[in-house]
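Dear colleague,

I am passing on the structure we spoke about, with notes on what was found in it. Please have it open while you read.

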Amino acid sequence: MPALRNGHALLLKATDTGDDDKAVTLLSPEFGRFGALARHARASKRRFGPALQPFCLFEAAWRPRSSGLAFLESVHALEFPLGAEPGLESLGSAYLFLELAHELCPQAEPQPAFFELVLSGLRRLGKGVESAPAIRLSMLWGSLNLAGLAPDLESSAGWAGMKLDPKDLLALQQAAEGRPILEPRPRAERVLQELLALHLGRPLRTAGLAEQLNGEAL
């Protein structure tokens, strides 16, 4: 039997399968993005409980396999970085962060920087000090940068067929340098979404979700 592995992890994606199992995709700093089967996850409160859900940082125990999905043995909640009652726009933004990691992280390679980026983004949303659009723009730039896809700010006059004015470029410059984004620009966010869509061959499923949920809340 393969040795048991343990580590901090985030749930990126989950699909119900079988009678009460779940097929999940996890992100771990040491082991990167990997798939696992959580047997009886919908019935076993002792091994999984409320921890196996998006936006929960948990300690995971799993057994790797040479082929196919690993077996997820248990998870133990460590932190709910979004807080107890996140708003709809925060939830939409958080789902975007998980999808960025799911689409851009290589499989089964250590991803400490991407793991920390996603976790810090969730924590920033939970604190509520910065606006969700500012955090999204920062996360989009950071994800593109870690994936080697960040555009050159010096030649960005018409990224993805969109013209950017000086305020858009300033917001992107602040994101690139890790400075506070004083005026988040919707056009700057959209152009980064378009660059991702060109790379992936399709738009992100969560593109625009935060704004849509925020509109519904209003």
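**Charges and salt bridges**

The protein chain carries 23 positive and 25 negative side chains, and the centres of these two sets lie 4 Å apart. Please keep in mind that this is a predicted model, and that the values below are computed from it.

Side chains of opposite charge can pair when their charged atoms come close. In this chain the count comes to 13 salt bridges, and some of them deserve a description of their own.

In one of them, the side chains of R123 and E79 meet with a distance of 2.7 Å from N to O.

Another salt bridge joins E99 and R205, whose closest N and O atoms are 3.8 Å apart. Here too distant parts of the chain are linked, with E99 in helix α1 (residues 88-104) and R205 in the loop between α5 (186-200) and α6 (209-217), 106 residues apart. E99 counts as buried, at 3% relative accessibility, whereas R205 is exposed, with a relative accessible area of 64%.

A further salt bridge is formed by E189 and R136, with the closest N and O atoms 2.9 Å apart. It links helix α5, which holds E189, to helix α3 (residues 132-146), which holds R136, the two residues being 53 residues apart. E189 counts as buried at 5% relative accessibility, and R136 counts as buried at 3%.

Beyond these pairs, D165, D168, E183 and R185 are linked in a network of salt bridges.

**The chain as a whole**

The secondary structure comes to six helices and five strands, and along the sequence these follow the pattern β-β-β-β-β-α-α-α-α-α-α. For 218 residues a compact globule would have a radius of gyration near 17 Å, and the chain has 18 Å, which agrees. The C-alpha trace spans about 60 × 40 × 30 Å along its principal axes.

Of the 218 residues, 45% count as buried. The accessible surface comes to about 11,000 Å², and 51% of it belongs to carbon and sulfur atoms. Among contacts with a separation of 6 or more, residues 24 or more positions apart account for 60%.

Definitions and conventions: Residues are numbered from 1 along each chain as its sequence is written. This is a predicted model: local features need pLDDT of at least 70, side-chain atom pairs count only at pLDDT 80 or more; totals for chains, interfaces and linings use all residues. Side-chain values use heavy atoms; hydrogens and water are left out. Helices (H or I, at least four residues) and strands (E, at least two) are DSSP runs, numbered from the N terminus. The radius of gyration is taken over C-alpha atoms; the globule rule is 2.2 Å times the number of residues to the power 0.38. Buried means under 20% relative accessible area, exposed over 50%, partly exposed in between (1.4 Å probe, protein chains only). Contact means heavy atoms within 4.5 Å. Accessible areas come from the Shrake-Rupley method with a 1.4 Å probe; for residues, only the protein chains shown count as cover. Lys and Arg count as positive and Asp and Glu as negative; His and the chain ends are not counted. The place of a charge is taken as NZ of Lys, CZ of Arg, CG of Asp or CD of Glu. A salt bridge is a side-chain nitrogen of Lys or Arg within 4 Å of a carboxyl oxygen of Asp or Glu.
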